[in-house]
Amino acid sequence: MIALPSIAFGGFSGSAKGVTARQVGGRSVLSVKCWPTGAATGAQLVRRASLKKISKSWKELTSDQMHDWDRLAGTATGQSVFGQAAQLSGMNLYVRLNANRAMAGEPLMANAPLHTVAVPNVEYEQVVVTPELMVIGGIRHQPDPFKLVVKMSSSQSAGISNGWSKTVIITPGTEDDWGEVDVTHLYLKTIGVEPMPGEKVFVEIYWLDTSTGFTGMEAREMVVVTGESPYQRRVKATMDNLDPTEESHVSSLDVDFSTGAPVAQFNAQCLGHSNVASSEVYLDEQLPSEIIGTGMCIGRSNDSDGHINAQSYLVYMYNRSGKSQLTFAHRGGTYYTHTEVFGTGIIY
Amino acid sequence: MFNSISNNFGAGQITFKDYQASNYVVLNAKVEFDPTNAAYQACQQLEITVPDLTIDRSTIGGVFVRFVETQHYSWGDSVYDGGSVLKSWIKDKNTIVVEKQPWFDQNGPLILYFVTMYAQLNQGANTIKGTKQRLTVTTVDNYLRFSSDTFVVVFDHWVFMHLQFSSCTYAYRDSPWEATFEQMPADVIADVPVPGGGNQWHQDCFGMGECHIENKIFTMDRRVAGFWDTGREPFAFAFLVRDGVEEQSE
């Protein structure tokens, strides 16, 4: 329902019972109050809570600040309604931009942004959705303060052609990981069920400028879920790959072999063990045979006694019985059990 | 080779020797700065503005930081140089960043050694393995010895070098050292930091010296007093750009 109000509703905005009133172009418009469908996700609950808080905080602004927001709202347009770009009030814009920033973990912005930089459109090569893998690949990186927002639906019947209203925020503001955003864990955590092969998942992606709250044009992709995908995941060793049946001696691990160069990228917090100057890591899968060899990387002590000395480490790599072992073996400098190894390291 | 445009920590112009591929960059430079200067004290991280690099961001590499310290005693001078390794990365096409740590702010001036490779990830291919060549070290009377983990991995435009000192004949312990590194390409010229060695005045970071490599010749004149202390394991870890002298002379 949408109706022009009687004079009694002039200047009225907000919801009462089943009716919502809002101001559009100086006139009040009434519509049936929209209720969310389905259970709210964690991100939605956070967003709704922040909207209420942000709306209340508008009254705490000075009149100059409100004028600045009104001025900025005069140059910005809201979501299109019936083919016409909706006019925004200063308060609308204040709430909208701050809600976007809050979603990305940014604090409340009382002053209207002085300069608005055009937010780029998302450029990417592919979106892959299988029951085990949900990844956006080939993303053209945008530097800070831009963060990527990804919204996805649960898998819908193949016959549905418009499921955009079913999308929910999967990640409210993430950096691409070297051109890739793997949302598999976040999708399963948010949606709760794996997508079904043969069905469709609706995906919306856009950049958010976390400094201003402005967003770019959203890219929409209707993806048919496949059983498997030829998409090749990067070769990495992380805490997610640890073999739970073995004892590993690191508290963090991220070794990445996707450099296409004669080095790997090492990052691990070694803890040492058993009075030997090394830390072992056991992976639940084998590493590709072509990268199995020996690496060498730099390290820096970071124990509770305040040691900060440089060290060097050999990294022995083995494949055995379908699993891999990495051994960070101390070489140069004074050894301390708690050492962070990091940086590019040669592989031979 | 290129010169920096500016920096935010009060150092002068920095000359970088470079090899820049489409997916990684090797940089060599040595720069001294005074940590008491206002620019350094005001900055959150050390940033160097440079002409366009081939890559617009990188993963983390290591940059060494060193201070020089001499204590004067009645029997002579003792060296207590020290330092550590800092994280460094390429932030964008024109900015090299080095993390700021307060550890040595009281020990300035400080020297930064860029013997660093900056790589990128998700490059559509896995790591390419190099070939390790153990360094054959030659000295007069074989006075200086290195462990088996002393090696180079040689590429057309750059070299990775790891040195691990093992022992020295007593008669040469206080002498300037000179050795020939047989497998080191002759076109590598660099000052290379040598972390390790004991340092009784700086037991958090221990020692750090410097050696020089040129025309296959390794030299090292200044070493910390505790260079051969047990368990302090002096070493060098460096990605070094080749000058291409051999190619030019053909």
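Mentor: Start in chain B. B:Pro109 sits in the loop between β10 (95-98) and β11 (110-119) of chain B. Keep in mind that this is a predicted model.

Trainee: OK, is the peptide bond from B:Gly108 to B:Pro109 cis or trans?

Mentor: Cis, with omega near 0°. Chain A has a cis bond too, joining A:Asp144 and A:Pro145, with omega of about 15°. A:Pro145 is in the loop between β8 (134-137) and β9 (146-152) of chain A.

Trainee: What about B:Asp141, is its phi positive or negative?

Mentor: Positive, near 60°, and B:Asp141 is not a glycine. Look for B:Asp141 in the loop between β13 (137-138) and β14 (144-146) of chain B.

Trainee: Is B:Asp141 buried or exposed, and why?

Mentor: Exposed, because B:Asp141 has 8 other C-beta atoms within 10 Å, and 12 or fewer counts as exposed.

Trainee: New topic. At what angle do helices α2 and α3 of chain A pack?

Mentor: About 90°, with the axes 7 Å apart. So α2(A) and α3(A) are roughly perpendicular to each other.

Trainee: Which residues make that contact?

Mentor: Among them are A:Met66 and A:Trp69 of α2(A), and A:Leu93 and A:Tyr94 of α3(A). By class, the contact has six nonpolar, two polar and one charged residues.

Trainee: And how many residues does each chain give to the contact between A and B?

Mentor: Chain A gives 40 and chain B gives 43.

Trainee: Which element supplies the largest share on the chain A side?

Mentor: β21(A), with five residues. That side has 19 nonpolar, 15 polar and six charged residues.

Terms used. Residues are numbered from 1 along each chain as its sequence is written. Chains are lettered from A and ligands numbered from 1 in the order in which they are written. This is a predicted model: local features need pLDDT of at least 70, side-chain atom pairs count only at pLDDT 80 or more; totals for chains, interfaces and linings use all residues. Axes are lines fitted to C-alpha atoms, for helices over the stretch in contact, and angles run from 0 to 180 degrees between N-to-C directions. Helices (H or I, at least four residues) and strands (E, at least two) are DSSP runs, numbered from the N terminus. Angles under 35 degrees count as roughly parallel, over 145 as roughly antiparallel, 65 to 115 as roughly perpendicular and the rest as oblique. Two residues are in contact if their C-beta atoms, placed from the backbone, lie within 7 Å. Ala, Val, Leu, Ile, Met, Phe, Trp, Tyr, Cys and Pro count as nonpolar, Asp, Glu, Lys and Arg as charged, and the others, Gly among them, as polar. A residue is buried if 20 or more other C-beta atoms lie within 10 Å of its own, exposed if 12 or fewer, and partly exposed in between; C-beta atoms are placed from the backbone.
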